[in-house]
Amino acid sequence: MIARFSRSIRTRLTLLAATGAALLSLVVNAFVLYALHSSAGDYMQTQVINTGLELVHLVKRGELPTVIDSELDGVQVVNASGQVVASTPNLAGLPRMSTMLPGEFSAHRTAEVCDLPYFPGRCEFLGVFRVYEQDGDWLVYAADRLVPWYVHPGVLVALAGVSALLVALAWFGTSRVVAGTLAPVEEIRDKLAEITSSDLGMRLPVSEKTDEIRSLAETANQTLDRLEAAVEQQRRFASDASHDLRSPITAMRAQVEEAMLHPDDADWAEIGKALLASLDRLQAIVTDLLTLAKLDAGAPMAREPLDLADLVSAETRQRSKKLIPTLQPGVRVTGDRLQLARLLTNLLDNAERHAESTIIVTVRRIDGHAILEVLDDGGGIAPEQREVVFQRFTRLDASRNRDAGGTGLGLSIARDIARAHHGTLTLEDSDSGARFVLRLPVRDD
């Protein structure tokens, strides 16, 4: 995917640069042709006018030759009787080329004319000059071909060659620059291709330059860090889940196989109670796994206004340890009542397993947050293990010793529910025991 993207970017940028160079060349060539055409046209007209004026002076001095040497297409001198007395060799013996005359009060006249008798199929710049002589007015005609729009074929060839060279240079230069710029991307692609789900420890090379490629590599490495952590967590989750599911099943199988070996001596009532206990544990694990699956999938939940104090009062039941509620009324939140009740139950079940004698539940409002605290008077949890207890299937040694039937998913489910409600669940400092603090956005009615 990255390789195709890199090639596509390179091709597009190179094509864009070449197209831009071609368009720029087209515009520049148009201006160059316009400038050359104007200059060549002005030069040609000047040559026609200068040739005519020079012949006027020769006529006045009486030095006019019969054959006129000129680079123009054609020159003729017509006397007062209308006879051609001098011309360029190509017009020798021919009548005058045009009947165009200067204005009544003008000594000369110029015009662009087409299809002159001696120059068919093309247009000429024609100038006629009046010469005042004693026997009447003489006329000098001078004509030269109009400059074409391309000025000269050599000009077109030169401009086309320069344009082709510029486009080629733009294509080659852009391709090299883009290739050099995208080289780190190709390296990143190669590294990503080497990374597999079984080897997530590899990381992408980070450029020393501070640019977008460096940001891309750093972001990709951060993503790989999260992916590796998630895969590792998934592996631990699968391992712990299979172990916790296997334990009650193994226990039930062992009890049944032992009873079947000695059916007459087996106490089937006790075996039934043991099997029901294992089934209860198995059912609790499966229920917690389904709850986690729903939370991970982001399943939609009900959103309704709730009074946190009323929820705690309604969900608090008689427990084996003394429960002391301190509830501030009117602390309202928006959420799913069943999920928040499950969160509270999990916190209370955890506190009941670890408390010596008392559990304190507090609801209050602080700085725009609804606060729910569950505090027990047990042995507490070491600071370095306060995040560990929220991991799935995590039960500390003390917890395993005091309650072998726990699933190790209760606190993880509670934190996921808190996050689903845009809140947080943390384990914070306390004078004694464990103090779980839930913070939710308060609802202002």
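In the predicted model, the buried residues of helix α8 are Leu411, Ser412, Ile413, Ala414, Arg415, Asp416, Ile417 and Ala418. Helix α8 spans residues 410-420, and because 8 of its 11 residues are buried, that is, under 20% relative accessible area, the helix is largely enclosed by the rest of the structure. The cover over these buried residues is provided by elements that include the helices α4 (268-296) and α6 (337-354) as well as the strands β11 (424-428) and β12 (435-441). Just after α8, the backbone at His422 adopts a positive phi of about 60°.

Strand β12, which is among the elements covering α8, also takes part in strand pairing, since DSSP-based bridges link β10 and β12 in the antiparallel sense, 7 of them in total. Within this pairing, His369 has Pro441 of β12 as its bridge partner. Strand β10 itself, comprising residues 369-376, is mostly covered, with 6 of its 8 residues buried.

At the level of the whole chain, 8 helices and 12 strands are found. The radius of gyration is 51 Å, whereas the globule rule gives 22 Å for 445 residues, and the computed value is well over this figure, so the chain is more spread out than a compact globule. The extent of the C-alpha atoms along the principal axes corresponds to a box of roughly 160 × 60 × 40 Å. Of the 445 residues in the chain, 36% are buried. Among the contacts in the chain with a separation of 6 or more, 60% are made by residues 24 or more positions apart.

The accessible surface of the chain amounts to about 25800 Å², and carbon and sulfur atoms contribute 57% of this area. With regard to charge, the chain carries 46 positive and 59 negative side chains, and the centres of these two sets lie 4 Å apart.

Note on methods: Residues numbered from 1 in each chain as written. Predicted model: local features only at pLDDT ≥ 70, side-chain atom pairs only at ≥ 80, totals over all residues. Heavy atoms only, no water. Buried < 20%, exposed > 50% of the residue type's maximum accessible area, 1.4 Å probe, protein only. Helix = DSSP H or I, 4+ residues; strand = E, 2+ residues; numbered from the N terminus. Contact = heavy atoms within 4.5 Å. Pairing = 2+ DSSP bridges. Rg over C-alpha atoms; globule rule 2.2 N^0.38 Å. Areas by Shrake-Rupley, 256 points an atom, 1.4 Å probe, with all protein chains shown as cover. Lys, Arg positive; Asp, Glu negative; His and termini not counted. Charge placed at Lys NZ, Arg CZ, Asp CG, Glu CD.
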